[in-house]
Protein chains: 2
Amino acid sequence: MKTSKATSFDIAYQAGVSQSTVSRALSGSPLVSLDTRRRVQAIAKELNYKVDKNASNLRRQHSVTLALLLFEDPTSDDSLINPFFLSMLGSITRACARRGYDLLVSFQQFSDDWHADYQDSHKADGLILLGYGDYLVARSKLQKLVEHDTHFVRWGAVVEGQPGISVGCDNVQGARAITEHLLSLGRRRIAFVGNASAHCPEFFDRYIGHCEALRAAGIAVDPLLQVDAVDSTEQVGDRALRTLHARGVAFDAVFAASDLLAIGAMHALGDLGLSVPGDVSVAGFDDIPMASFASPALTTVQQDTKRAGEILVERLLQQIRGEAARSEMLPAQVIVRRSCGANRAG
Amino acid sequence: MKTSKATSFDIAYQAGVSQSTVSRALSGSPLVSLDTRRRVQAIAKELNYKVDKNASNLRRQHSVTLALLLFEDPTSDDSLINPFFLSMLGSITRACARRGYDLLVSFQQFSDDWHADYQDSHKADGLILLGYGDYLVARSKLQKLVEHDTHFVRWGAVVEGQPGISVGCDNVQGARAITEHLLSLGRRRIAFVGNASAHCPEFFDRYIGHCEALRAAGIAVDPLLQVDAVDSTEQVGDRALRTLHARGVAFDAVFAASDLLAIGAMHALGDLGLSVPGDVSVAGFDDIPMASFASPALTTVQQDTKRAGEILVERLLQQIRGEAARSEMLPAQVIVRRSCGANRAG
DNA sequence: CTGAAAGCGCTTACAG
DNA sequence: CTGAAAGCGCTTACAG
């Protein structure tokens, strides 16, 4: 019974029509009579026929799939994925599914020679780039992508004049808002955990927003209150806080550039005998699922990953269709929980 | 300059050989002189040539990609993915990459008519099924997959006589071990949070292991200490614990069938004014990243997701190669942290 | 509305 | 070791 696999010729034969007609009937072409279409569809279903994607793609010269390239910090543990990117992955997968696109997922190291490979081999019609990493290093690769006419979108800081298009949240605004919140709680010595250099434009923007809020409140920015943290992990956050503590500067709040860093920082504070939020308020950025289950629950800046996934896919599809697409910044929202001392339920 | 896209004919022309030779040279066929191969490779590189996957796949009749189908509880929030499956996803992606396979990722609802679609359309050579859900419902679909000669592996309980092959952790052994740990700490009234029915064979197996350990210690199983929890989320765990508490039965420990449930249970215990581990020991299952950052850090049963991903992919590839593949159970390991009262560092 | 035919870009017997 | 040729299973002008 189970012969190899039905082709459009098999169903054409059974339906008593030509193979072209089968193809048209199944692809929803209007050039087919309703009667023929129904007959063809019935037989196709009975034979469990599925259009061969490889043949179809080859002929149409596109693949109806998008590739998601996840860049991870090479230093991070092999099994770890940043929970924030994971939820982006979920949202992107869904956005693709809604549009009938398949999603190829691949982990990349920033050092790899990944540019254009997917599109040139017709595995995917376009690329979605996700992940932290040294922006200055990545930039030249992005440039190459543009030169090769590769369709791509990138999640990250929206920086002036960068190659290709990016979608990211408004880091400056989000950071400003959370620092204002800390300020409104009476905090004055607010430490910032996260790199503040052009290598990490997202963290840098958060630092800028933070400083803006301070200055607007008439508070001078103290460089001693900024601690570098390249990687976004609990371990790094923990260590950063110990570095800060070792400096001997006074601080009554910590704004960490990511939730993972913030959770690590809370951990260190506990070890150091400081209570959160009694002695020190702590705020993060991202609103990963873990944030609400940290102890105390973490006040943070929420990035709308659901919306982000939608827009990333939409912008990429625009490019694929040959339309003009532009970078876009999404608003971020402060989520108040217990870790800063306020009590409005999260 | 930027003409459309180089084909093997373009590079054949430049190299002064036939297109067949180009194909052979690039695919590593031994039927090509070293000299020719080098010349072809150089030109291919210069032209940024990539073999067209669609053409290649069509011809070879396979796609060198695997599809990962993620099933989620339809009740769960749209943006949520169980962190345990997320880490499986990471491990599977890497296992595929190591073998040169691409990975198509797709979310499915259990209600969807997903069987065989990917393989029949030649999008993928085989399927990896991941996710909880009603096993009894899924079973008939698995049966269909088998009938359609679809290659697939499934992560989950390894149950006797099930259709297809499965890879899962030894839930009975893991549960037995963690209950023994609780017992060794002097706990006697240990509640179990999680469904105990054939609909959820993984949770059921954990319940069985739990009961085995109790009986071995001469303790009768009290049905009042088991609380249903179908979904694996913090919310459900929280609610389950309140249900348990409302029953008015005494308990000095909680073994939750997943970390998410356990974290939710700890949350509820806190609200109820019970201290962990002072009044109640709490243990989970999975060892998701969040477990070590819960407060107190969660004692749990670790599933080796890295190994699991490897084996899942390997078993699937065996089937694709036409070799016999069999189900397999991986050992689970107790990770002791603070939530049960013991102090051996985790 | 339908059919015959070309062709998408490869891989792989087949013949040398 | 190399080339000419067939063919993978579709889609889509082209002609009716």
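1. Chain A of this predicted model is divided into domain 1 (8-51), domain 2 (65-168 + 305-329) and domain 3 (171-304), with bounds that come from an automatic or database domain assignment. The centres of domain 1 and domain 3 of chain A, taken over C-alpha atoms, are separated by 61 Å.

2. On conventions, local features need pLDDT of at least 70, side-chain atom pairs count only at pLDDT 80 or more, and totals for chains, interfaces and linings use all residues. Residues are numbered from 1 along each chain as its sequence is written, chains are lettered from A and ligands numbered from 1 in the order in which they are written, and side-chain values use heavy atoms, with hydrogens and water left out.

3. Chain A is superposed on chain B by a rotation of 180° with 0.0 Å of shift along its axis, at an RMSD of 0.1 Å (least squares on the C-alpha atoms of residues with pLDDT of at least 70 in both). The two copies are thus related as by a two-fold rotation axis.

4. In the open sheet of chain A, four strands follow the order E7-E6-E8-E9 with parallel pairing (strands are DSSP runs of E, at least two residues, numbered from the N terminus; two strands pair if DSSP finds at least two bridges between them). Strand E7 (226-227) and strand E9 (281-283) of chain A are the edge strands, each pairing on one side only.

5. Strand E6 (residues 190-193) and strand E8 (residues 253-256) of chain A pair in the parallel sense over four bridges, and A:Ala253 in E8(A) is the bridge partner of A:Ile190.
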